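Work through each one with the model in view, then read the solution.

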Amino acid sequence: MATTTGGAPATGVDPRSIRLPGIVLGVGLGGFVDGILLHQLLQWHHMLTSTNHDRIGVKYYDPDTVSGLEMNTVWDGVFHTVCWLSVLLGLAVLYSRVTENRRAVWGSRVLWGWILAGWGLFNLVEGVLDHQILGIHHVHGGPHQAWWDAAFLVLGALFLVAGYLVQRGGRPLRPGTPEGAAPAGGVA
C-alpha cells in the first residue's frame, strides 16, 4: 500500500478536498430549507418582514398586503437564487475535485459531515446578520422572537459541531476500487 509522507494511506479522495464543496453545498441547501420551510410553508417570515423595526432603514413592506407580499416574495426569490447558485457552485467544485469513485463519495460521511457543517454555518451567518445586526426579519416574529432567533443560532452551532464530528469519522476512498465499493474496512 502506498503511503503519503505523513504515513497516511494514499487515497483517491482526500477529505480536505471535499471540505469546501461540502460546506458550500450545505450553505445552499440550508438556505433552501429555511426559505421553503420558514418563508413558504409555515409563512413565519419573508426577507423583509421586520423592516418596520430594522436597524438600517429599509422601507417596510407589510406582508399582510398584496403589494407588501409581492415585494417580500421578490426578495425571497433573490434569496433562493443565491441558495441555488451556492448549490451549483458546490456541485461544480465537488465534480472538479473528485475524479474517481464519484458515486461512493455521495455516501461518504466526510461529504455529508461537511454539508451539515455548511448548513450550520448558514444558520449562524444568516441568524447573526439578518436577525441580529440588520434586523430585517426574525425566525418567528412576535413577543417571543428573541427566543426563536436564539434557537436558530443554537441549531446552527449544533449542526456545525455535529457536521465536523461526522466528517471526522469518515474515510477517504482508495483509488482503483470499483465505483461505489468500499475500501478495506468500509466507507464511513
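A crossing is left-handed if the near helix is turned anticlockwise from the far one by less than a right angle, and right-handed if clockwise. This is a predicted model: local features need pLDDT of at least 70, side-chain atom pairs count only at pLDDT 80 or more, and totals for chains, interfaces and linings use all residues. Residues are numbered from 1 along each chain as its sequence is written, and side-chain values use heavy atoms, without hydrogens and water.

**Exercise 1.** Determine how α1 and α2 pack.

Step 1. Find the helices, which are DSSP runs of H or I with at least four residues, numbered from the N terminus. α1 covers residues 19-41; α2 covers residues 66-97.
Step 2. Take the angle, from 0 to 180 degrees between N-to-C directions, using axes fitted to C-alpha atoms over the stretch in contact. It is about 155°, and the axes lie 8 Å apart.
Step 3. Angles over 145 degrees count as roughly antiparallel, so α1 and α2 are roughly antiparallel.
Step 4. α1 passes α2 in a left-handed crossing.

**Exercise 2.** Is Asn-123 buried or exposed?

Step 1. Locate Asn-123: helix α4, residues 109-133.
Step 2. Apply the cut-offs: buried is under 20% relative accessible area, exposed over 50%, partly exposed in between (1.4 Å probe, protein chains only).
Step 3. Asn-123 has 2%, so Asn-123 is buried.

**Exercise 3.** Describe the surroundings of Leu-69.

Step 1. Leu-69 sits in α2 and is partly exposed, at 34%.
Step 2. Contact means heavy atoms within 4.5 Å. Beyond four places in sequence, Leu-69 contacts His-46, Asp-62 and Pro-63.
Step 3. His-46 is 23 residues from Leu-69 in sequence, and 8.5 Å away, C-alpha to C-alpha.

Note on methods. Helices (H or I, at least four residues) and strands (E, at least two) are DSSP runs, numbered from the N terminus. Angles under 35 degrees count as roughly parallel, over 145 as roughly antiparallel, 65 to 115 as roughly perpendicular and the rest as oblique.
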